[in-house]
Amino acid sequence: MLALSHCNSSSSLLLPRSSNDSGGKVEARVAVEGLSHQGNLTLLQPTTSGVIVVILSMTLGIISNIVALFILANAYSQQRRRTKATFLIFASSLVVTDFIGHLIPGALVLRLYLSGGVHPDDFNSSDGMCQFLGGSMVFFGLCPLFMGCAMAAERCLGVTKPLLHSSLVTKTRTKICLSTIWLAALCVALLPCLQLGSYAYQDPGTWCFIKVLSDTQEVDLAFVVLFSGLGLASLAVALVCNTISGLTLVLARLRRKPGSHHSAKSHDIEMVVQLVGIMVTSCICWSPLLIFGLMSAIRSYTGSIAEDLSSYKTLMVMAVRLATWNQILDPWVYILLRRTVLRKIYLISKCQMGLRGNILGRWEPTSFPSSEKHAVNQV
């Protein structure tokens, strides 16, 4: 998906444009028709710099996900708490999904870009590659949102009802939940195969998505409503659960007596901070595509998009660019928001702001102990 981030900026400069004089228009039309008859129509000519930028961007995303997966795997091998193991299973699955979702759609978009994309007259059409690319974008778009929602709900239960959490949440049930999430996202992505919605090439002809800009039918509108509704609902549930978890932990810290060193919830702090990071990243990256896609489909279905079609095309391209960054930024949540990093940030902030004597002094560095030390204390 990331390869799309450079396609539009390069292609907009390289698409043939009609000149103001009639002679220029005739020459452009004759040239295009001549190439079309030869079956070699190429409206986009990729530049070397454009291809390099796309490859570097994809490389950054791949490396980020691999580093995050290595960190999570190392943490899983060292953890001693079942609740932490459950969280790490969710987090590792999310990173793997982001990695695959970054690699497969990105490679397809890059291939379309290098081949010159499709003709504007074919933007409303679809072939096997478009069906696969559109389904991939829907599937790899919903999976991270569903997983973020499930992780937030699991942590909310663990923080507010630890006894109930310990009896309900197991590794086996966690894996079943993940399988259900993947299956649900796959079912939504495959709805066009049952004629319940459709995918189509989108401007500038180098990516595919649900048909939202023109010739939108009732089934297309229902498909967009389902996709956007599920995505926005997942973000809303994650926001509520993370807010409850955060407030519960803050109140527990404020009620703790000075001088006490209860570190049982230190792992909860780390996980909730990471979940908040995931939620903020998902909201920023995915909300525009979910909202603009729904708005475009509604206006296209009602026939009121004609006068603002170019604006909506621009909004959709900007929104999908932003969505591709979610798969790059998610891994950095686990890379940066670890207890070792949080401890350093806390110590630096404490020294800079001079908060040694106030209530924030209760947040001692021991609130973020290593998992090995915590395991020894438990024994």
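1. Glu154 is buried, at 7% relative accessibility, where buried means under 20% relative accessible area, exposed over 50%, and partly exposed in between (1.4 Å probe, protein chains only). Arg155 likewise counts as buried, at 1% relative accessibility. The side chains of Glu154 and Arg155 meet in a salt bridge, with an N to O distance of 3.0 Å. A salt bridge is here a side-chain nitrogen of Lys or Arg within 4 Å of a carboxyl oxygen of Asp or Glu; by this rule the count comes to 1 salt bridge. Side chains of opposite charge can pair when their charged atoms come close.

2. On provenance, the model is predicted: local features need pLDDT of at least 70 and side-chain atom pairs count only at pLDDT 80 or more, whereas totals for chains, interfaces and linings use all residues. Residues are numbered from 1 along each chain as its sequence is written, and side-chain values use heavy atoms, with hydrogens and water left out.

3. As to overall architecture, the secondary structure comes to 13 helices and 2 strands. Helices (H or I, at least four residues) and strands (E, at least two) are DSSP runs, numbered from the N terminus. Of the 379 residues in the protein, 47% are buried. Among contacts with a separation of 6 or more, 82% are accounted for by residues 24 or more positions apart; contact means heavy atoms within 4.5 Å. The accessible surface comes to about 18000 Å², and carbon and sulfur atoms hold 67% of that surface. Accessible areas come from the Shrake-Rupley method with a 1.4 Å probe, and for residues only the protein chains shown count as cover.

4. The UniProt record, an unreviewed entry, places the feature "transmembrane region" at residues 51–73, 85–112, 132–153, 181–201, 221–251, 272–295 and 315–337. UniProt positions are given in the numbering used here, feature names are shortened, and annotations may be inferred rather than shown by experiment. Two of these ranges may be set against the model. Residues 221–251 are 100% helix and 0% strand, with end C-alpha atoms 44 Å apart. Residues 272–295 are also 100% helix and 0% strand, and there the end C-alpha atoms are 33 Å apart.

5. A nonpolar patch on the surface is formed by Leu69, Val96, Ile100, Leu103, Ile104 and Phe132, which together have about 440 Å² of accessible area. Patches are made of residues with over 30% relative accessible area and no salt bridge; like charges are joined within 9 Å, and nonpolar side chains (Val, Leu, Ile, Met, Phe, Trp, Tyr) within 5 Å. Helix H4 (residues 82–115) gives the most to the patch, with 4 residues. Val96 is placed in helix H4 and counts as partly exposed, at 34% relative accessibility.

6. Ser234, in helix H8 (residues 218–255), is buried with a relative accessible area of 6%. The side chain of Ser234 reaches the backbone oxygen of Leu230 at 2.8 Å. With neighbours within four places in sequence left aside, Ser234 is in contact with Leu145, Phe146 and Cys149. Ser136, in helix H5 (residues 128–160), is buried with a relative accessible area of 7%. On the same exclusion of neighbours within four places, Ser136 is in contact with Ile104, Pro105 and Gly141.

7. The backbone of Gln195 should be noted: this residue has a positive phi of about 65° although it is not a glycine. Gln195 lies in the loop between helix H7 (171–189) and strand S1 (199–202). The residue is exposed, with a relative accessible area of 63%.

8. Thr302 is found in helix H9 (residues 266–302) and counts as exposed, at 54% relative accessibility. A polar atom of the Thr302 side chain lies 3.2 Å from the backbone oxygen of Arg299. The C-alpha atoms of Thr302 and Thr216 are separated by 8.8 Å, while the two residues are 86 residues apart along the chain.

9. Thr340 belongs to helix H12 (residues 339–353) and is partly exposed, with a relative accessible area of 37%. Thr340 and Glu270 are 70 residues apart in sequence and 9.9 Å apart in space, C-alpha to C-alpha.

Definitions and conventions. Polar contact = N/O pair within 3.5 Å; in protein donor to acceptor, adjacent residues only side chain to side chain.
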